[in-house]
Amino acid sequence: MFGRDEKVSPMRLTAVQYIVLGIFLILAYGLWRLQVVQSDFYATLAEKNRIRNVPILAPRGRILDREGRTIVDNYPSFTALLLRDSSRDLTADADLIAQGLHLDPKDVKERIRHFAASPQYQPIYLKDDITPDELAFIESHRNELPELDTIMAHRRLYPRNGFMAHLIGYVGEVSEEMLNQPQFELYNPGDVVGKSGVELQYNQVLMGKNGSRRAVVNSHGKEVQTLDDTPAQPGRPLKLTVDLDLQIAAEQALEGHNGAIIAMDPRNGEILALVSRPTFNPNDFAVRVSRDQWSKLVNDDDHPLLNKAIQAQLAPGSTFKVIMATAGLQEGIAQDMHVTCNGGATFYGRYFKCWVVAEHRTHGVVGIDKAIFQSCDVFFYTLAEKLGIGRIAKYATMFGLGQRTGIDLPQEVTGVMPSEEWKIRNYKQKWYAGETISVGIGQGAVTATPIQMARAIGAIASGGLLVRPHVTNPQDLPPGVIPAASGPDEVRIPLDPQNWQIITDALASVVNPGGTAPSAHLQGIDFAGKTGSAQTISNALKAKLGAAGKANFKDNGWFIGVEPRRNPEIVVCALLEEGEHGYLAARTAAQVIKAYVEKERRTPSKVAQKEKKIEIGAVWNDADPDGEDNDSLRAGRLVIDLKANDRRPTTDDRGPTTND
Amino acid sequence: MSRYISFRDFDWVLFIFVLMVCALGVTEIRSATVHTKFAGAHIRQIYWILAGIASMFLMSLVNYQLLLERVHWMYIAAIASLMMVMIFGHRYLGAKRWIKMPGGWHFQPSEWVKLILILAVAKYFNDLHQRELTWTDFIKAGAIVGVPMLMVLTQPDLGTALTYIPIAIMGLFLGGLRAKQALTVVMLAGLMMPLAWHGLKPYQRDRLTSFLEPEADSQGSGYQVIQSLIAVGSGGIWGSSAGSQTHLSFLPVPQTDFIFAAFAEEHGFVGALSVMLLYFIVLMRLTQNAQTAPDRAGTFVVMGVVAVLSFHILVNIGMVVGFMPVTGIPLPLMSYGGSSVLFMFLALGIVMNIRMRRFVN
């Protein structure tokens, strides 16, 4: 049945051969086009595929106190992630991974499923800021779980519990808004920059320069080979003028209150301590601040993010009387002025009370010294009437009120020193002479910040040397970095030596029997100062609000103290919000003064004895709600041993140090 | 006069060239999978090739004329096995293509249906002798191929279904298709195109559109196309020493359908052209065997194999160089996979038998 003679047409068979040849020529052309003509183009694409620029993150510089003790350090923070390595069944490994990283296996599987559709080269992030034992788990399972990897970033390790948080500030990812500003133009999205405090002010010093590494990666993003790298330039350390011992004393003194303490060396303007309460924990921001946490901080009525030492503008109350006395004496009015205090007096048809009537007393006949240490309102009402707002404003402005002190911290506010011009400029109204009376006792339109008051009274006690406060010394900054401060470093204001003596002696009497704050007396220490209890609302409004007003609008207690009384080495301003009385603030300030003197005299501080070590950062056990000591949990703890000779931080269980 | 068949007439030249292609395939599979979860695939491929060679020798001993006499039974068995897949098939990645066999084996009937179709078409055109093709012959031949093709399409397996078409075309062409008929069919097919588009599954349409414009979806279905082009292109003339597309697994599953891309990356234009030359020699040797076949049926069988092999090469390498959409058709003898290897060697076995019988009458 299969006849040999019935052959298939040989022409058609030949045609098939030519068709096949044609197909092969077309395919060969295709290969030639790709591999010869466009070879360079595709080689570039292949290069782009496999070579990745991996940034090497530069650690930020440490922040040191005046003695070189570390306040802020970095720690290497690891994030656990999964590479989508084709050789592994991720879901099958999920249980082991979840166990090692202390995660819920269900969550891990859910994450794997959730990211199944996203590109394979994108790793799945599992957990931020893993603990050392979780890191050890990953390292010891490199062979069993090759898909499990980590990336390392340096994160800020701040003191715990908001210690010094306002001065230090915090860091965060650079915002779009910041990138548009000229001083941040060199930064890239994703860079971590200072957002407040010295972290912001001296970001230029603290921020390093990221390096980069060219690495060969596979399609899952796993690095297979390193080609070359440009090392990172770590940020430079920043030395502050702050004395950690004094800062601790101030933090402890303010514990349980809202307000601020600022301690400054009035001879040169070095800030020795700066505390604001309530505070916040910048470590929360170092990892990632949740939306809830942020809105809680921003919307809190007590404004925990506000640095009250430079940002609270409040009526200075009786502390303003020091400036009034200086004005009165320098103008030759107050020396021989004697006023009889009957608990109040009438000016311009309105009755003004003296605070003393609340204690059912009067001051009787008052001269300038008694007016200061007994804080007689009637005397200063009278003085204000005699001086007039023009001369008051002249002296107050001379001593720095109503203007920024020029401290090298961001967002300082000016406060208000009212004058006739000020009223016309802002209210388009004439100044009424009656308004001058309230200003005389630091009420009315006058507002000031704690740093302004500390500076002004420090200047008066120093015989007229008005300095610009600062938290860093220019000689401690790296060359080329100019502190972003404004105004001259110091101004000498002529002050008659006799007047100087009268004022400083009267200030010393304040903390002695007969003064307004005898309980703040420090035995053997030449401590002087002035109390203030400033109303937060007017008496009339308070009366209207009745009992409710009393609870919510307690007076702010102020105290500005110096040591010694003339040419002081230290000036401390304590502001206790809702502190009711100045003497409470005086006691608070006295603790700081005492700590300073004890340290100066090289007697061991009680503070330092009680707490030989302070812990300035422990990030990983913050989840521990009761905050009790649980050393097994303590992993990333930076402890400063105040007694240690070398004054360097000790690290325990922290692994390799970060600043090398 | 009759002569016994002998391995002296076995086409050793063809066999050696086929083995050369297989060897290149095995080395490339090894190179492409060595550090992946597919590691060891080249060893399994060697076993498949050895099994294939054994079945080729066995097949070469079977008189193809006896096979052709029983081809209607085989055709029925083929249809039955495709129906089995439709009923008992094992669903994997959205397609029913396999039947689970005892002992963990998976059997893909659509591959050996290809072989039966070659025989069935050969038998059909042989029986027509040399007369001119009528439209009835045309439709009958179309139905022989069309019925199993539609069944494979429903699995769905567009790629394999397409490989049945060249069997019919080759049969028709050699069977005496007239130019007028060919033109009519091409025009009809052109008119059917929009309808066919509607019949495609979404992923099949994606593959077609991503072929036309791969950058539009570079992480989805266009990914393979782009990575394949990059692999081939970066190979250059002499091959890329880094071979990064394959070795860093940017090219997904390189050992199966994209084996030629992996090879072209590693060995460049020169290497890829050499492989194509080997294939060309194999095809020319096959057509030569078709010319010397003892009868008309033998010619049809060998040319059926030529048709299938050329089509696979055209579609697979065409896909790798960006001329064709991704259809999931392997490169015969090089791509990893048992069914494909066995099919090729069984087909070669029949070809060998035909050659060995060229002087037998």
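The buried residues of helix H1(B) pack against helix H2 (41-61), H11, H12 and helix H14 (338-356) of chain B. This is a predicted model.

**Helix H1 of chain B**

Helix H1 covers residues 12-33 of chain B. It has 22 residues. From the first C-alpha to the last it reaches 31 Å, close to the 32 Å expected at 1.5 Å a residue.

Which residues of H1(B) are buried? They are B:Leu14, B:Phe17, B:Val18, B:Cys22, B:Gly25, B:Glu28, B:Ile29, B:Ala32 and B:Thr33. These residues lie on the same side of H1(B), because they cover an arc of only 140° around the axis. On the other side of H1(B), B:Trp12, B:Val13 and B:Ile16 are exposed.

Chain B holds 14 helices and three strands. Of its 361 residues, 51% are buried. Among contacts in chain B with a separation of 6 or more, 71% join residues 24 or more positions apart.

Chain B also touches chain A. Here 48 residues of chain B are in contact with 37 residues of chain A. Five helices of chain B each supply at least two residues of the touching side: H7 (158-174), H10 (222-235), H11 (244-247), H12 (259-291) and H13 (296-320). The largest share, 12 residues, comes from H12(B). By type, the chain B side divides into 25 nonpolar, 20 polar and three charged residues. H11 and H12 of chain B also pack against the buried residues of H1(B).

**The five-stranded sheet of chain A**

In chain A, five strands form an open sheet. Their order is S12-S11-S21-S20-S19, and the pairing is antiparallel. Which strands lie at the edges? They are S12 (270-277) and S19 (528-534) of chain A, and each pairs on one side only. Neighbouring strands of the sheet are turned by 5° against each other on average, direction ignored.

Strands of a sheet pair through backbone hydrogen bonds, either parallel or antiparallel.

| Strand pair | Bridges | Sense |
|---|---|---|
| S11(A) and S12(A) | seven bridges | antiparallel |
| S19(A) and S20(A) | seven bridges | antiparallel |
| S20(A) and S21(A) | seven bridges | antiparallel |

A:Gly259 stands opposite A:Arg277 in S12(A). The bridge partner of A:Ser533 is A:Gly557 in S20(A). A:Trp558 stands opposite A:Leu575 in S21(A).

S20(A) is mostly covered, with eight of its eight residues buried. A:Asn556, A:Trp558, A:Ile560 and A:Val562 point one way from this strand. A:Gly557, A:Phe559, A:Gly561 and A:Glu563 point the other way. Both groups are buried.

**Two hairpins in chain A**

S20(A) and S21(A) form a hairpin with six residues between them. In its turn, A:Asn567 has a positive phi of about 45°.

S14(A) and S15(A) form a hairpin with two residues between them. The bridge partner of A:Phe347 is A:Arg350 in S15(A). In the turn, A:Tyr348 has a positive phi of about 50°.

Helix H19 (residues 450-461) of chain A lies across S11, S19, S20 (556-563) and S21 (570-577) of chain A. H19(A) runs at about 145° to S21(A).

How many residues of H19(A) are buried? The count is 12 of its 12 residues. Among them are A:Gln452 and A:Arg455, along with A:Ile451, A:Met453, A:Ile457 and A:Ile460. The length of H19(A) agrees with expectation, because 12 residues at 1.5 Å a residue should span 16 Å and its end C-alpha atoms are 16 Å apart. Just after H19(A), A:Gly463 takes a positive phi of about 80°.

Conventions
Residues are numbered from 1 along each chain as its sequence is written. Chains are lettered from A and ligands numbered from 1 in the order in which they are written. This is a predicted model: local features need pLDDT of at least 70, side-chain atom pairs count only at pLDDT 80 or more; totals for chains, interfaces and linings use all residues. Helices (H or I, at least four residues) and strands (E, at least two) are DSSP runs, numbered from the N terminus. A residue is buried if 20 or more other C-beta atoms lie within 10 Å of its own, exposed if 12 or fewer, and partly exposed in between; C-beta atoms are placed from the backbone. Two residues are in contact if their C-beta atoms, placed from the backbone, lie within 7 Å. Ala, Val, Leu, Ile, Met, Phe, Trp, Tyr, Cys and Pro count as nonpolar, Asp, Glu, Lys and Arg as charged, and the others, Gly among them, as polar. Two strands pair if DSSP finds at least two bridges between them. Axes are lines fitted to C-alpha atoms, for helices over the stretch in contact, and angles run from 0 to 180 degrees between N-to-C directions. The expected span of a helix is 1.5 Å times one less than its number of residues. The arc is that of the directions from the helix axis to the C-beta atoms.
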